[in-house]
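User: Could you take me through this protein model, one topic at a time?

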Amino acid sequence: MINIGNSWDSVLAPLFESENYRNIRAFLKKEYSSKIVYPSMYDIFNAFKETPYEKVKAVILGQDPYHEPHQAHGLSFSVKEGVEPPPSLVNIFKELKNDLGIDPPESGDLTKWAQRGVLLLNATLTVRQGQANSHRNCGWTEFTDGVIKKLSERKEPMVFILWGGYARSKKSLIDTNRHFIVESVHPSPLSCYNGFFGSKPFSKTNAFLVKCGIPPIDWDLSR
């Protein structure tokens with residue numbers, strides 16, 4: 001049984017007890033024993049460990065983990081300390097500067113965001129080395145769709161930040177009478193100039209939180 005160590009344990013219990021998760025577990029046992037898989041099996045659920053259910057102010061939804069060595073550590077778009085930020089993350093930091101005037105940090109580790117209430121959730125939580133989306137059909141999508149539904153059911157409002165077509169396809173799972181969606185094209189170099197730059201996701205998120213009487217997120221990773 002998975003032990004997150006916070007409020008997610010009770011929230012996710014039905015998902016962890018499902019046949020779908022048993023199938024995921026059996027699949028991962030084979031994959032980790034025969035292939036190189038990211039992130040480390042000890043980091044798969046880091047997003048939940050860093051951001052308890054009741055502490056979530058915003059969700060940044062990614063597709064699947066980075067698939068090159070030393071990058072993925074269980075938080076969407078984030079890389080480990082000392083690893084060069086990939087192009088999409090560089091563009092996220094550029095928009096952060098454009099939006100809030102915050103200079104790009106030296107590190108691409110977004111753990112501080114997670115600890116401040118930003119759930120950095122990938123739709124697929126594992127991947128084979130060098131093979132993007134290689135685990136998308138193992139059951140993770142059903143699992144994380146369940147996570148999004150659990151978040152949407154929460155009474156306290158939050159912001160869902162959806163970048164790119166895949167993330168935006170999850171809108172039907174979100175109760176927009178209760179929660180707020182910030183969306184744009186993906187920050188990848190292929191699409192960033194088609195609506196990501198200038199979309200101001202960070203200030204829009206904080207404006208909604210403040211309107212709801214919730215303290216805004218401190219997006220400055222240097223603090």
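This is a predicted model: local features need pLDDT of at least 70, side-chain atom pairs count only at pLDDT 80 or more; totals for chains, interfaces and linings use all residues.

User: In what order do the strands of the open sheet come?

Analyst: The order is β3-β2-β5-β6, with parallel pairing among these four strands. Strands are DSSP runs of E with at least two residues, helices are runs of H or I with at least four, and both are numbered from the N terminus. Two strands pair if DSSP finds at least two bridges between them.

User: Which strands stand at the edges?

Analyst: Those are β3 and β6 (180-184); each has a single partner strand, so one side of each is left without a neighbour in the sheet. From one strand to the next, the twist averages 20°.

User: How many bridges join β2 and β3?

Analyst: Strand β2, residues 58-62, pairs with β3 over five bridges in the parallel sense.

User: Now the inside. Which residues of helix α1 are buried?

Analyst: Helix α1 covers residues 8-16, and W8, V11, L12, A13, L15 and F16 are buried there. Buried means under 20% relative accessible area, exposed means over 50%, and partly exposed lies in between (1.4 Å probe, protein chains only).

User: What covers them?

Analyst: The cover includes α2, α3 (46-50), β3 and α6 (136-153).

User: And which residues touch the most other members of the largest nonpolar core?

Analyst: W8 and W113 do, in a core of 68 residues. A nonpolar core is a set of buried Ala, Val, Leu, Ile, Met, Phe, Trp, Tyr and Cys residues joined through side-chain atoms within 4.5 Å. Helix α6 gives the largest share of this core, six residues.

User: What is W8 in contact with?

Analyst: Leaving aside neighbours within four places in sequence, the contacts of W8 include F48, Y53, L119, V147 and L151. Contact means heavy atoms within 4.5 Å.

User: On to charges. How many salt bridges are there?

Analyst: The count comes to nine. A salt bridge is a side-chain nitrogen of Lys or Arg within 4 Å of a carboxyl oxygen of Asp or Glu. One of them joins E31 and R128, at 2.7 Å from N to O. E31 lies in helix α2 (residues 19-34) and R128 in strand β4 (residues 127-128), so the pair ties together parts that are 97 residues apart in sequence.

User: Are those two buried or exposed?

Analyst: E31 is buried, at 5% relative accessibility, whereas R128 is partly exposed at 23%.

User: Last topic: how many disulfides are found?

Analyst: The search of the whole structure finds zero disulfides, a disulfide being a pair of cysteine sulfur atoms within 2.5 Å. As for cysteines, C192 is buried at 2% relative accessible area, and C212 is partly exposed at 33%.

Methods. Residues are numbered from 1 along each chain as its sequence is written. Side-chain values use heavy atoms; hydrogens and water are left out. Axes are lines fitted to C-alpha atoms, for helices over the stretch in contact, and angles run from 0 to 180 degrees between N-to-C directions.
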